[in-house]
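Please have the chain open while reading.

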Amino acid sequence: MKNINIPNDNETISVNGVQFAHRDIYVVVDDFYTRIQLDPVLQIPFQSVGDWPEHIQKLTHFWWTRFGGKPYLFNHYDPVTKHFFAGFNRELLERWLSIFHDTLRSHLNPSQAELWKLISERMGDALSMKNELFRREYEQQNTGADSRTSKNSNS
Ligand code: HEM
């Protein structure tokens, strides 16, 4: 481990009857973001990450708590805004998921890999939907003032 404090890394959590050790989650997340940093396309949006060990710790905690594990870090995430401004779109998501699924298969047994794959696909769909809603609101707010002004001036 690279100077990362993962407490109770032998602790396990059961998701739909499939066991994950905290350490399994860390190993996947750590390798995944190593692959992301080497990917010619995804390394670009991820340039916003200044502290990789901190990001890996945060994302290990994210998955651990999403799987039902007890929180041990400050537990607030703002993925929709962050992803929107990182340029999140369907094409980047497909690439992200493909690298993620390869990473799962490299480290986990088939039941763990299949379950986590399914969960990540669902999260990806939810993020995509929220990203589109955020985009609409953002575009309305940023064009709304102009269109209101021009409507009023025409009436
Ligand atoms: C199922 C797919 C994904 C999941 C579950 C996921 C999850 C997350 C979470 C939980 C965070 C931390 C958010 C926070 O600090 O509040 C994060 C950060 C980030 N994600 Fe994703 N992500 C996904 C896909 C993507 C994709 C496709 C991109 C490509 C643009 C992306 C780019 C980023 C970046 C750049 C950050 C760091 C933002 C920052 O702190 O500067 N993610 N992601």
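Helix 1 (residues 22-38) and helix 2 (residues 52-66) have axes that come within 9 Å and cross at roughly 135°. The model is predicted.

**Helix packing**
- Angles over 145 degrees count as roughly antiparallel and 65 to 115 as roughly perpendicular, with the rest, apart from those under 35, oblique; helix 1 and helix 2 are therefore oblique to each other.
- The crossing of helix 1 past helix 2 is right-handed.
- On the helix 1 side, the contact is made by His22, Ile25, Tyr26, Val29, Asp30 and Tyr33.
- Helix 2 contributes Trp52, His55, Ile56, Leu59, Thr60, Trp63 and Trp64 to this contact.
- By type, the residues of the contact are 9 nonpolar, 3 polar and 1 charged.

**Nonpolar core**
- The largest nonpolar core has 17 residues, of which Ile25, Val28, Val29, Phe32, Tyr33 and Leu104 touch the most other members.
- Helix 1, helix 2 and helix 4 (90-107) are the elements that give two or more residues to this core.
- Helix 1 supplies the largest share of the core, 7 residues.
- Ile25 is in contact with Phe20, Thr60, Trp63 and Trp64, leaving aside its neighbours within four places in sequence.

**Thr34**
- Thr34 also belongs to helix 1.
- Thr34 counts as exposed because it has 12 C-beta neighbours inside 10 Å, and the cut-off for exposed is 12 or fewer.
- From Thr34 to Trp52 the C-alpha to C-alpha separation is 9.1 Å, and the two are 18 residues apart in sequence.

Note on methods:
Residues numbered from 1 in each chain as written. Predicted model: local features only at pLDDT ≥ 70, side-chain atom pairs only at ≥ 80, totals over all residues. Axes fitted to C-alpha atoms, helices over the stretch in contact; angles between N-to-C directions. Helix = DSSP H or I, 4+ residues; strand = E, 2+ residues; numbered from the N terminus. Left-handed = near helix turned anticlockwise from the far one by under 90°. Contact = placed C-beta atoms within 7 Å. Nonpolar A, V, L, I, M, F, W, Y, C, P; charged D, E, K, R; others polar. Core = buried A, V, L, I, M, F, W, Y, C linked by C-beta atoms within 7 Å. Buried ≥ 20, exposed ≤ 12 C-beta atoms within 10 Å, placed from the backbone.
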